[in-house]
Amino acid sequence: MNRSIAVLLFFTLAGCTIPKTPQVVGGNQSLGLVRLGFDVPALQRAKIDDYLALATATKQCQNWGFDHAVRYGDPITTCSVISGTQCMNESVILNYQCQGRVFTTAQPVY
């Protein structure tokens, strides 16, 4: 009886949706490309806050001198840990394009 409850509890919890916060994992400043990433363990689904992800990408763009970021393309999902035929951990990459180059005017030297 206890074993069946434990198995049922495992499968109930294993399919849970977990919140994930994407972090900057790469990019190209000269092209204005920002890559955000996060990992998803086996048997779980990830839910990201799109506004928080966009804010993270925009902050990186602004550090590079751009105005804002725009998400483009579909998420890129790859298996990062394989055990036999089962994927134990997926890596997800989101791509953003920096837009609105901010030009600063230099003060004239007299």
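R35 stands opposite N95 in β6. That pair belongs to two strands, β3 (residues 33-41) and β6 (residues 86-101), which pair in the antiparallel sense over 9 bridges. Pairing here requires at least two DSSP bridges between the strands. Helices (H or I, at least four residues) and strands (E, at least two) are DSSP runs, numbered from the N terminus.

A word on the source. This is a predicted model, where local features need pLDDT of at least 70, side-chain atom pairs count only at pLDDT 80 or more, and totals for chains, interfaces and linings use all residues. Residues are numbered from 1 along each chain as its sequence is written, and side-chain values use heavy atoms, with hydrogens and water left out.

Back to β6. Its antiparallel contact with β5 (residues 66-83) runs over 13 bridges. V81 stands opposite N89 in β6 there. The β5 and β6 hairpin has 2 residues between the strands, and G84 takes a positive phi near 70 degrees.

Now helix α2, residues 50-63. How far apart are its end C-alpha atoms? They are 20 Å apart, in agreement with the 20 Å that 14 residues should span at 1.5 Å a residue. That expected span is 1.5 Å times one less than the number of residues.

Which residues of α2 are buried? They are A53, A57, T58, Q60 and C61. Buried means under 20% relative accessible area, exposed over 50%, partly exposed in between, with a 1.4 Å probe and protein chains only.

What do the buried residues pack against? Their partners are β2 (23-28), β3, β4 (45-48), β5 and β6. Contact means heavy atoms within 4.5 Å.

Next, the helix ends. D49 caps the N-terminal end of α2, with a side-chain oxygen 3.0 Å from the backbone nitrogen of Y51. Just after α2, G65 takes a positive phi of about 95 degrees.

Last, charges. The whole structure holds 1 salt bridge, meaning a side-chain nitrogen of Lys or Arg within 4 Å of a carboxyl oxygen of Asp or Glu. R71 forms it with D50, the closest N and O atoms being 3.6 Å apart. R71 is in strand β5 and D50 in helix α2, 21 residues apart, so the pair links distant parts of the chain. R71 is partly exposed at 33% relative accessible area, and D50 is partly exposed at 46%.

Notes: A polar contact is a pair of N or O atoms within 3.5 Å; within protein, one must be able to donate a hydrogen and the other to accept it, and residues adjacent in sequence count only if both atoms are side-chain atoms.
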